Amino acid sequence: MKEIADFFKSPAGQYSILIVIVILAIWYLKDLISDALTGKGPEQILDIIPIEQTNLSYPIEQYDIWADGLYEAMNFSGTDYGQIEEVIDQLKTNDDVSALINAYGTRTLYVFGIPAASANLPQALRRELNWYYSVSDANETLSENGITIQF
């Protein structure tokens, strides 16, 4: 037993522990990303959803601004849940949601700065949102605003 304890105190033992931790982290992240961005994740939707522009609450350019903001909020410096929630709170009609999904299109998602996969807005939100601000929270806000489209 003492030999085992001595081994883990040595540099070789410490590197062994580190290697095991790194392998487990990679395995966990691979499965997590794979589930979120492949067939196990949300269903693929059309890149362009028909909208009735007269039902939009904002100028069409606003949806492009929000889409770019959501992409940045989810991809580069940690998740900015406040920005995501702020955008969701502004949506007032089904066509607002559709216009935002269209503006987002399909974008490359990154993990630790490495391109991981492509996803549309509902897929990206399902990948990114968690207990702090979840997809259920976003869908609840949409429902409260009378919107039937759900992420």
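**Charges, rings and core**

Author: Arg107 lies over the face of Tyr71, at 5.2 Å from the ring centre. Please keep in mind that this is a predicted model.

Reader: OK, and which ring has the charged end of Arg107 sitting 4.8 Å from its centre?

Author: That is the ring of Tyr104, with the charged end of Arg107 placed over it.

Reader: How many aromatic pairs does the structure hold?

Author: There are five aromatic pairs in the structure. One of them joins Tyr63 and Trp66, whose ring centres are 5.7 Å apart and whose planes meet at 85°, so this pair counts as edge-to-face, the cut-off for that class being over 60 degrees. Tyr63 and Trp66 are three residues apart in helix H3, which means that about one helical turn separates them.

Reader: Are those two buried or exposed?

Author: Tyr63 is buried, because its relative accessibility is 1% and the limit for buried is under 20%. Trp66 is buried as well, at 11%.

Reader: What about Tyr81 and Tyr132, how are their rings arranged?

Author: Tyr81 and Tyr132 form a tilted pair, with 5.2 Å from centre to centre and 55° between the planes. This pair links distant parts of the chain, since Tyr81 belongs to helix H4 while Tyr132 lies in the loop between H6 and H7, 51 residues apart. Tyr81 counts as buried at 15% relative accessibility, whereas Tyr132 is exposed at 55%.

Reader: Switching topic: which residues touch the most other members of the largest nonpolar core?

Author: Those are Ile84, Leu100, Leu121 and Phe151, in a core of 32 residues. Helices H3, H4, H5, H6 and H7 each give two or more residues to this core, and H3 supplies the largest share, with seven. In soluble globular proteins, nonpolar side chains tend to be buried together.

Reader: And what does Phe151 touch, leaving out residues up to four places away in sequence?

Author: Its contacts include Ile88, Val97, Ile101, Leu121, Pro122 and Leu142, and Arg126 and Asn139 are also among them.

Reader: Last one, how do strands E1 and E2 run, and how many bridges join them?

Author: E1 (residues 107–111) and E2 (residues 114–119) run antiparallel and are joined by five bridges, with Thr108 standing opposite Ser118 in E2. The two strands form a hairpin with two residues between them, and Phe112 in the turn has a positive phi of about 55°.

Conventions:
Residues are numbered from 1 along each chain as its sequence is written. This is a predicted model: local features need pLDDT of at least 70, side-chain atom pairs count only at pLDDT 80 or more; totals for chains, interfaces and linings use all residues. Side-chain values use heavy atoms; hydrogens and water are left out. A nonpolar core is a set of buried Ala, Val, Leu, Ile, Met, Phe, Trp, Tyr and Cys residues joined through side-chain atoms within 4.5 Å. Buried means under 20% relative accessible area, exposed over 50%, partly exposed in between (1.4 Å probe, protein chains only). Helices (H or I, at least four residues) and strands (E, at least two) are DSSP runs, numbered from the N terminus. Contact means heavy atoms within 4.5 Å. Two strands pair if DSSP finds at least two bridges between them. Rings of Phe, Tyr and Trp (its six-membered ring) pair if their centres lie within 6.5 Å; planes under 30 degrees apart count as stacked, over 60 as edge-to-face and the rest as tilted. A charge sits over a ring if NZ of Lys or CZ of Arg is within 6 Å of the ring centre and within 35 degrees of the ring normal.
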